[in-house]
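Dear colleague,

My notes on what was found in it follow directly after.

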Amino acid sequence: GSNDHMPEVAPNMTRFATLNKERGIKTLFLLEPNSVEADDKGLAKKHEIVRQVAKSQSVPLFNMHRYLAENVDLGFFWWDSCHMTGAGQEYFARALSAEIVKILAP
């Protein structure tokens, strides 16, 4: 996420995915959303790392960043570059719920 240092992202997510697999826990990775106005060059790099780990660990991935960017005209989603308003959190929760249902469905 935004608060992780770049070198920690891949090993931490790999450990997370490995532990969950060992325990039979279904896992979903999200590409962290930030405001489309944010100029965070590091976020794109972190997203690429998450994509790579998801692929190597066979973990489903949902692009929450793109989802919120595509729907930003539906409401006031961001207080600043990375903190969502209530409307942003509502859209985030709806999208996340739908993805979780897909993963848990038999």
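The face of α2 turned away from its buried side carries the exposed residues Lys 41, Ala 44, Lys 45, Lys 55 and Ser 56; buried means under 20% relative accessible area, exposed over 50% and partly exposed in between, with a 1.4 Å probe and protein chains only. Please note that this is a predicted model, in which local features need pLDDT of at least 70, side-chain atom pairs count only at pLDDT 80 or more, and totals for chains, interfaces and linings use all residues. Residues are numbered from 1 along each chain as its sequence is written, and side-chain values use heavy atoms, with hydrogens and water left out.

Helices (H or I, at least four residues) and strands (E, at least two) are DSSP runs, numbered from the N terminus. α2 has 17 residues and reaches 25 Å from its first C-alpha to its last, close to the 24 Å expected at 1.5 Å a residue; the expected span is 1.5 Å times one less than the number of residues.

The buried residues of α2 are Leu 43, Lys 46, His 47, Ile 49, Val 50, Val 53, Ala 54 and Gln 57. They lie on the same side of α2, because they cover an arc of only 165 degrees around the axis, taken from the directions from the helix axis to the C-beta atoms. Their cover includes α1 (6-22), β1 (29-30), β2 and α3 (64-70), where contact means heavy atoms within 4.5 Å.

As to the packing of α1 and α2, their axes come within 10 Å and cross at roughly 30 degrees. α1 is therefore roughly parallel to α2 (angles under 35 degrees count as roughly parallel, over 145 as roughly antiparallel, 65 to 115 as roughly perpendicular and the rest as oblique). Axes are lines fitted to C-alpha atoms, for helices over the stretch in contact, and angles run from 0 to 180 degrees between N-to-C directions. Among the α1 residues that meet α2 are Val 9, Met 13 and Ala 17, and the α2 residues involved include Ile 49, Val 50 and Val 53.

Two loop serines also deserve mention. Ser 58, in the loop between α2 (41-57) and β2 (61-62), has a positive phi near 55 degrees. Most residues other than glycine have a negative phi. Ser 58 counts as exposed, at 64% relative accessibility. Ser 35, in the loop between β1 and α2, is buried, with a relative accessible area of 5%. Not counting residues up to four places away in sequence, Ser 35 touches Trp 78, Asp 80 and Ser 81.

Yours sincerely
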